Structure formats: C-alpha cells, structure tokens
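Biologist: Could you take me through this model? I would like to ask about a strand, then a chain contact, then confidence.

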Amino acid sequence: MTENPAQSAIIVSGVVKQFGRFAALRGVSAEFDAGKFHAILGDNGAGKTTLLRALAGLAHPTQGTIRMFGQDPQDSSREIGYMAHPSLLYDEMSGMENLRYFARLYEIAGDERCAEVIRAVGLDPQLTRPVGQYSQGMRQRMSLARAILHHPKLLLLDEPFSNVDVHSAREMVILLKNMRGSGKTIFVVTHQALLLDGVADEFVWMQEGRIVDRTAAPVRAGEAL
Amino acid sequence: MNSFWAVTTATLVKDIRLEWRSKDALNSMLFFSLLVVVIFVFSFDPLAEESRHIVGGLVWIAFLFAAVVALNQTWARELRNQVLDAYRVSPAPANGLFLAKTLGNFIFVCVLEALMAPLFVIFYNLHVLGPAWQLVPIALLGTWALVVNGTFFAAMSLRTRNREIMLPLLLFPVSIPAVIGMVAGTTAILTGENSAHFYIVLLLTYDVVFTTASLALFKTILHAE
Amino acid sequence: MKKLFLILAGLTALFLAYATYLALKVAPTDALQGDVYRIIYYHVPSAWTAFLLFFINFIASVQYLARTKASLQKAVQWFVIGIGVVGVIATFLPQVQALLPTGMRPSAVATTVLAIPAFYFLLGWKFPGDRMDMLALTAAEVGVVFCTIVLVTGPIWARPVWGIWWAPGDIRLTSTLVLWLIYVSYLVLRRFSSSAQTQIIAAALAVFGALDVPLVYFSIWFFRTQHPQPVIGGGGSMDPRMLHTLLISWMAFLCFAFLICWSRFRLELLKREAEQAEAMESLVGAGTAAKASLPLSRSAR
C-alpha cells in the first residue's frame, strides 16, 4: 500500500497453502507496512488463521513466498510474537512460572520483564494459581503477555478477543493501541471488527482463501458487518 | 551454544518440576512396572534350570514395555494448549528441547528400571556369575538407546492418526540391534559364559549414531505441521 | 509412453520366461541339495532387487532432505563426491586391500562405491522436486514386496534342505527381516501421517533405517559367533551355469521391478496432480491463472 518498498515490512507473494485436496489459501499477494495495525476479517474458512500461521512461520506455503523484514518468517523468530486461541501455556504452572520459562527460551534473564508484561496486561505477577484455573479472559491476557515478552517487532494475534469478557477485551485493545504507538507492527484476526474501529489502521478482508479488499474502516462497500 | 544448554536445562527442570507436582504419570508407571514383572513371573517359571539364560531377555522386554508407555507421554503436555507452537515460533534451538525431553525420559525410565530390576532379582533368585559392574554400562547405554530414538519417534508420531501405536511400530524395528546388545550382553554377564565387551561397544556406537542423527534431524520434525 | 511400456512389458515377460526355463531346465541339479535348490533363482535375485530398491529409497530420501535448504544441498553433494573419491582411492591402497574378503576384486569394490555418487547425481537430475519423494515411496513399496518374497522363499528353502524353518543366527535372513520391518514401518508412517510434512518425516525415518542396517548386521554377526548355529551349507564355488542362470534371473527380475516401479510412479504422479487440481479448482482471476499450472507432470497438458 505504499510506493516505497523499503517501507514494506511484510511482502506476501502468490502464497498458496494446500491441505491435501483443500486449498486454504489460493494465491495471496499483498504488502504490509511496518508500524501499522492490520485487522484481518472474514468468514470462517476464509483462510485468516492459515495466513496468520504462514506469517508466523508455522505453516509452510505450498507455493509462493513470504518475506518479513527481508527474511523468511522462520529466520525472524526473535521479532515475532504469536498468540492463538489455545493459550500456548502450561496449565499446571502459574502465570509467572510460565513466563519465566519462556523468558529462558528467548534468553531474557531475570524476572523483571516477566512481571512487567503481566502487569501490562492487567494481571497480578504474584498470583500462584495455575493457568489452567484461570478464566478465559485471564488466560488470553496471560497468553498475550507471553507473546510480547521478548519485545517483538511484529505481533500476530489469532482471535484474541473471542470468548473473552468485555473488560479483558478492552484492556487488550488498549495495550495493543499503545504497542502500535511505539512502532510495532500488529496483525489481529478477529470476528469482532467493531472492537478495533478507530484502533486498527486498516481492515483486510478475506474470502475463500484470498484477500478481497482492504479498507480503513470496518465496513465494506455494500456489505453489512 | 550458551542458549542451547540454557534451553535444555530450563526445559528439563520445568519437566521434572511438573512431573513432581502432578505425580500422575510417575505413580501409574511405577505400578504398571510392578504388574509387568509379576506377569512375567507367572509366565516364565523362576525355578526352571534355564531361567538364568532367559532372564536377560525378560528384563529388557519388561523395560521396553515400561519405556514405551513412558515415551508416549513425552509430548502430552506440549500438545495441550498447543504449547509446541510457542516453541516453533521461538528462536530457541530445537535440539535443546529434544535433548531435554530425552534426558527427562532417560531419568524417568532409569527410575522405573531401578524399581523393576530388584524385583527380578528377588523373584528369579538371580546370582550374577559374570562381572556384575558391567551391567551398569549396559543398562545406561541400552536405556539411552531406547529413549533417544523413542523421543524422536514420539515427535514423529505427533501428527499421525494413531499416535500411541505408531511409536512402538516405528521404534521396535530400528531398535533391534540395541535390543540384541542389551539382551545378549545382560545374559552374557548373568551366565558368565561370554564377554559382554562387544555388546557394550555396540551399544555405545548405536547411541552415538542415533543421538547424532536425532539431534541433526529434530528441527525438521519439530517444524512439521 | 504407453506404447513403450507395452513393448517393455512384452520383452520382460519373455525375459522372465527365459529365466524360468534356465532355472528349471538348463541349470544342473545341485549335488548336495537336489532340485530343491532351484528356489535360489527366485530367492537371491529378489534379495538383490530389494536391496537395490531400498538403496534407491535411501539416496532419494537423503536428497529430499538435503533439498530443504540450498546450503545443505551443496554440502551433501560435496560429501557424496568425497565418498566416491575416497572410496575409489582407498580400494587401491594395500592396507585396505588386505581387509577385503578373498575373491573380492578391488575394482569391483571401487565400482560399487562409485555407484553411490553416480546414483545420487543421476536421480537428482532425473527427479526434480516432489518427484524425488514419489521415487522414494515407489522404491520402498516395491522393495517391500520383493523383500517379502525373500522372507517367504527363505524358510521354504531352509526347511527341506536343513530341517529348520528359521535360524536366528542366519545373518542374511535375519538382517533382511529387520530391513523388511523397518520399511514396513516406513510405509505405515506414510499411510497414517496426516502432517503436511509427511514426506520429510518419512525421509528422516528412511535415513534412520539406513543407519540401522550396518548395526543390525554387526550385532547379529557377533551374536552368531557366541552361539553355536546349525550349519547352513552353501560354501564352495558355483557351477558357471548356475551363476549364469542366477544373473539372467536377476536381470529379468530387475526389468520386472522397473516396470512395476514405473507404473507405481505414474500412479502416484497422477494422484498428486488430481489432488492439486481439486485444491486449486476455484482459482480464477488475473495473476492467479498462472498459478493454476501444475508443476508435476509433463503430460498434463
């Protein structure tokens, strides 16, 4: 969406993703700017999750390429923070214990950063309750904390607000707004476009494995939401 | 290199802590091991003259059963909540994770063997006629042989339709040389009729070859969708 | 293509008939074993064919894995060339020649060692991309069939001649059994794996299996030296007519195996094309029309 290629953080070219006889992505080509907040919308089965996973390096395109800051997604793992509907956390450990462990994976020493992100998502670092006993909203927030632990340049969030109470959802949106303000690139797949109205810089519409539209507001010409 | 050992230790410590907290796998495995020994005692008459010749085989079959049940649990916690995705997305070296899981399994299976072996000695009234100290390298190298391939194949089986049966199906054929080494070596020491020296070297070679192969190929397996 | 296949099929049938004729009529009766020994003309060629096919699977699997990364591919290529060079030079060194079993000529060993890089580059050239994996699968499947023949004919031969169905220390038969087990597990993995990366996972398993084979051989070899085994005869030189029949049989089996592999390969190729076509069905629009071309088969147009 910009003339200057140096601005494009993420370049997707002709990506096809085939699962046996089913093609989840049928030729997606797009460029996304750095430092912008992109919301990805579409019906179930449109390919939103697959696209996000491809950006995260979790799904390998059958055809086509993805370049992220000039590299393959798998080589950019330090820059990527990923969050999905499953929490990606160990149910048997507390939030702090979980984050301490993941901090080791990212070579982050000490507890301060872990405590910092837990507070940033509105939770208490001292909480010893295992994550498995959290409410859905708390679990999603802790999962987000894990995703931002290592100061990633790029955040990829798959349906972070689904089944989450309104308070938690709003907290997350505020946090994301601040992060985008500090220069992070953010992709959020969601069904709740209205939550991001005025927050996201653009709305990317997908249908049947392709990007069909990109708008500045969560409305498409001639379509109800 | 630093991060490799950091990841390995962090993961190993985390797994041990989690196992210690829940103790569910540990308790059921201990009881299962006892049951296996008892079944063998009823099936193979301990008073028979030739029992010393077959006990080597019985012991290792019992260890093999116990190991398979333990190995099937290797990735269970990582599959819940798709924690494995968090690994794939992180820059942490994949074989650090592998080594930690293998070491964890190794410790676990050794604990089971330490329980089962005395039971065999008691039920079968074993006197070791050969150099008894050689049983230690055979036990350690043999267990590592089972566990290193078992952990690797358990990861391979993650995306198969019948995961639990796929592990022994893949593991047993490839483990045959190791099993020959373990059984023949143990029998040689128990009966004192032959030297176990070659079998120890065989097991050592086996361990080196397959540990190297597993470490080299694990990243590919981990990143498989 | 189809005509060529039919012609070759006809020739192979003739060849097999000729080999059978030689085996049953022309080859002389064995002094010790009588006519029962003639099963060797099925047993041994099947074994050699199976081993060749498994070897092809191994080379194909290594290549397929190497291709995942360009730098890795180059490294493996140099390594394979290195094996060829070192192997050939080594067979002409007196120290190495002393280690060879009697009767084995250094040039024969050198040629066998050269087969590794030769196969590697030949297959790499002829089977680009996904085809390498199809080759691996084909070779494994057909190899298992021939290996089954070996394992069935082995005991059938052993029983009347040596009085026992199976000797645990018989290194060749037992190694073949383990090889069969490894490759059956390979095929089961391919069948039951629902991963998008099944092919790479299976290739890794094939590498593990190949690494295992020498270990199997040595473990059984040593086990055998420690335990008295029933004497399985077979020493001494072979009548030249028998050797001739054996080689003709092997050639005939190879032709037959080639035909089956070719059919199986085509089948796999078409199956994957059909899958891809189905997946891309609704692909329309500028820029994406080009993507609809199937990179797999030359004959798809």
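The conversation below takes these topics in turn.

Modeller: Please keep in mind that this is a predicted model.

Biologist: Let us begin with strand β3 of chain A. How many of the residues of strand β3 (residues 37-42) are buried?

Modeller: Six of the six residues of strand β3 of chain A are buried, so the strand is largely enclosed by the rest of the structure. A residue counts as buried if 20 or more other C-beta atoms lie within 10 Å of its own.

Biologist: Which residues point one way from β3(A), and which the other way?

Modeller: A:F37, A:A39 and A:L41 point one way, while A:H38, A:I40 and A:G42 point the other way. The residues on both sides are buried.

Biologist: What joins β3(A) to strand β7 of chain A?

Modeller: Four bridges join β3(A) to β7(A), which covers residues 185-189, and these two strands run parallel. Within β7(A), A:V188 stands opposite A:A39.

Biologist: And how many bridges join β3(A) to strand β8 of chain A?

Modeller: There are five bridges between β3(A) and β8(A), the latter being residues 202-207, and this pair also runs parallel. A:H38 has A:E202 as its bridge partner in β8(A).

Biologist: Changing topic, what is the secondary structure of chain C?

Modeller: Chain C has nine helices and zero strands.

Biologist: How much of chain C counts as buried?

Modeller: Of its 301 residues, 31% count as buried. As for contacts in chain C with a separation of 6 or more, 79% are between residues 24 or more positions apart.

Biologist: How many residues of chain C are in contact with chain B?

Modeller: In chain C, 30 residues are in contact with 27 residues of chain B. On the chain C side, the elements that give two or more residues are α7 (171-192) and α8 (198-226). Of these, α8(C) gives the most, with 17 residues.

Biologist: What classes of residue are on that side of chain C?

Modeller: The side of chain C that touches chain B has 20 nonpolar, nine polar and one charged residues.

Biologist: Finally, where in chain B is confidence lowest, and where is it highest?

Modeller: Confidence is lowest in helix α2 of chain B (residues 24-43), at a mean of 85, and highest in helix α7 of chain B (residues 135-156), at 95. Chain B averages a pLDDT of 90, and 99% of its residues score at least 70.

Biologist: Why does pLDDT matter to a reader?

Modeller: Where pLDDT is low, the predicted coordinates should not be read in detail.

Terms used. Residues are numbered from 1 along each chain as its sequence is written. Chains are lettered from A and ligands numbered from 1 in the order in which they are written. This is a predicted model: local features need pLDDT of at least 70, side-chain atom pairs count only at pLDDT 80 or more; totals for chains, interfaces and linings use all residues. A residue is buried if 20 or more other C-beta atoms lie within 10 Å of its own, exposed if 12 or fewer, and partly exposed in between; C-beta atoms are placed from the backbone. Two strands pair if DSSP finds at least two bridges between them. Two residues are in contact if their C-beta atoms, placed from the backbone, lie within 7 Å. Ala, Val, Leu, Ile, Met, Phe, Trp, Tyr, Cys and Pro count as nonpolar, Asp, Glu, Lys and Arg as charged, and the others, Gly among them, as polar. pLDDT is the predictor's confidence in each residue, from 0 to 100.
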